[in-house]
Amino acid sequence: MPELPEVETTRRGIAPHLTGHTVADVIVRHPQLRWPVPRGLAGKLRGCIIQAVERRAKYLLLRFGHGTLILHLGMSGSLRLIDAGAPAAKHEHFDLVLDTGRALRLTDPRRFGAVLWTRNDPAQHELLRDLGPEPLGDNFDADYLYLASRKRTTAIKLFIMDSKVVVGVGNIYASEALFRAGIHPGRAAGSLSHERCARLVAAIRQVLHEAIRQGGTTLRDFTGGDGKPGYFAQELRVYGRAGEPCTACGATIKQMRQGQRSTYYCPRCQR
DNA sequence: CTTTGCACCTGTTGGC
DNA sequence: TGCCAACAGGTGCAAA
């Protein structure tokens with residue numbers, strides 16, 4: 001479900017309800033997520049104040065004075081604020097109960113998400129340590145992408161989805177950015193000129209910025225922490241549009257598989 | 001080192 | 001209505 005814009009939308013939705021508030025309890029109903037939810041979280045967090053809600057890649061970081069709770073939504077996860085004690089439906093695996101009478105509830109049918117704890121700097125956590133730059137940060141620019149892609153034979157779509165190259169570009173926005181940059185998704189990463197790398201960087205940044213501005217993309221049931229859906233779906237130019245006409249040239253949008261994922265592109269606009 | 005494919009898990013959709 | 005295959009927005013890991 002969530003790519004970076006959805007995670008960021010979630011972060012912005014939940015942060016005001018968490019920051020500065022105290023944890024009253026932690027309820028783990030189903031500890032088997034991608035990794036087991038660590039035991040003893042309630043004892044570790046009860047009475048502690050959430051100092052900040054940050055994001056690195058698609059990980060949400062709830063900072064406490066003595067460590068950080070790391071949340072990931074996987075493919076199907078979402079976070080909502082609910083009234084504490086509200087009955088839990090199926091797949092509602094985890095609650096962070098606040099002293100405000102509300103709780104942050106994690107729902108995740110496929111359980112590819114994660115709830116982890118680190119007492120150290122989360123940037124040094126093994127899952128975060130080797131991540132590439134943030135796509136919306138200053139370190140992600142044309143020079144970087146050009147240099148990183150030299151001699152790489154992998155398809156450019158897979159390359160920009162590689163979290164060691166740049167984080168946060170998921171399957172929807174990879175297709176969308178490549179369309180906006182006019183680059184064929186199957187082209188070898190190393191074959192891009194510096195100028196085309198610049199176009200691609202700009203397209204990635206633009207599409208992610210715009211998606212965040214629209215509150216993310218809601219294809220099935222994504223909602224931000226406030227329960228509102230994302231409106232970027234109406235801006236999608238190629239994703240999910242196989243067989244429909246290209247918005248730019250009218251050619252038929254095609255679908256192919258790359259790395260067991262669907263890729264959508266315009267065979268005329270993208271080279 | 002890079003590249004490729006699988007694995008984790010459940011739900012939805014579409015064809016027959 | 002039922003059954004089954006294919007697919008779904010992520011990503012760590014093993015194998016080639």
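Predicted model: local features only at pLDDT ≥ 70, side-chain atom pairs only at ≥ 80, totals over all residues.
Colleague: Which helices does α6 pack with, and where shall we begin?

Modeller: Let us begin with α1, residues 4–18, which packs with α6, residues 194–213. Their axes lie 9 Å apart, at an angle of about 40°. The helices α5 and α3 also pack with α6.

Colleague: Why are a distance and an angle both quoted?

Modeller: Two packed helices are described by the angle between their axes together with the distance between those axes.

Colleague: On to α5, then. How many of its residues are buried?

Modeller: Helix α5, residues 171–181, is mostly covered, with 11 of its 11 residues buried. Among them are Asn 171, Glu 176 and Arg 180, along with Ile 172, Leu 178 and Phe 179.

Colleague: What covers them?

Modeller: The covering elements include α1, α4 (156–160), α6 and the strand β10 (261–265).

Colleague: At what angle do α5 and α6 cross?

Modeller: They cross at roughly 125°, and their axes come within 8 Å. That makes α5 oblique to α6. The crossing is right-handed.

Colleague: Which residues of α5 and α6 meet there?

Modeller: From α5 there are Tyr 173, Glu 176, Ala 177, Leu 178, Arg 180 and Ala 181. They meet Arg 199, Leu 200, Ala 203, Ile 204, Gln 206, Val 207, Leu 208 and Ala 211 of α6. The contact has 10 nonpolar, one polar and three charged residues.

Colleague: What comes just after α5?

Modeller: Gly 182 follows, with a positive phi of about 70°.

Colleague: And how does α3 pack against α6?

Modeller: Helix α3, residues 142–149, packs with α6 at an angle of about 120°, the axes being 8 Å apart. These two helices are therefore oblique to each other, with a right-handed crossing. Ala 142, Asp 143, Leu 145, Tyr 146 and Ser 149 take part from α3. The partners in α6 are His 194, Cys 197, Ala 198, Leu 200 and Val 201. Seven nonpolar, two polar and one charged residues form this contact.

Colleague: What about Cys 269 itself, and which cysteine is closest to it?

Modeller: The closest sulfur to that of Cys 269 is in Cys 266, at 3.7 Å. That is still too far for a bond, because a disulfide requires the two sulfur atoms to be within 2.5 Å. Cys 269 is partly exposed, at 26% relative accessible area.

Colleague: Changing topic: are Gly 13 and Pro 16 buried or exposed?

Modeller: Gly 13 is buried, at 18% relative accessibility, whereas Pro 16 is exposed, at 58%.

Colleague: How far are they in space from residues elsewhere in the sequence?

Modeller: The C-alpha atoms of Gly 13 and Gly 215 are 9.7 Å apart, across 202 residues of sequence. For Pro 16 and Ala 52, 36 residues apart along the chain, the C-alpha separation is 9.4 Å.

Colleague: Which residues other than glycine have a positive phi?

Modeller: Two examples are Ala 57, with phi of about 55°, and Arg 111, with phi near 60°. Most residues other than glycine have a negative phi.

Colleague: Where do those two sit, and how accessible are they?

Modeller: Ala 57 lies in the loop between β2 (52–56) and β3 (59–64) and is buried, at 5% relative accessibility. Arg 111 is in the loop between β7 (102–107) and β8 (114–118). Arg 111 is partly exposed, with a relative accessible area of 31%.

Key:
Residues numbered from 1 in each chain as written. Chains lettered and ligands numbered in written order. Heavy atoms only, no water. Buried < 20%, exposed > 50% of the residue type's maximum accessible area, 1.4 Å probe, protein only. Axes fitted to C-alpha atoms, helices over the stretch in contact; angles between N-to-C directions. Helix = DSSP H or I, 4+ residues; strand = E, 2+ residues; numbered from the N terminus. Contact = heavy atoms within 4.5 Å. Parallel < 35°, antiparallel > 145°, perpendicular 65-115°, else oblique. Left-handed = near helix turned anticlockwise from the far one by under 90°. Nonpolar A, V, L, I, M, F, W, Y, C, P; charged D, E, K, R; others polar.
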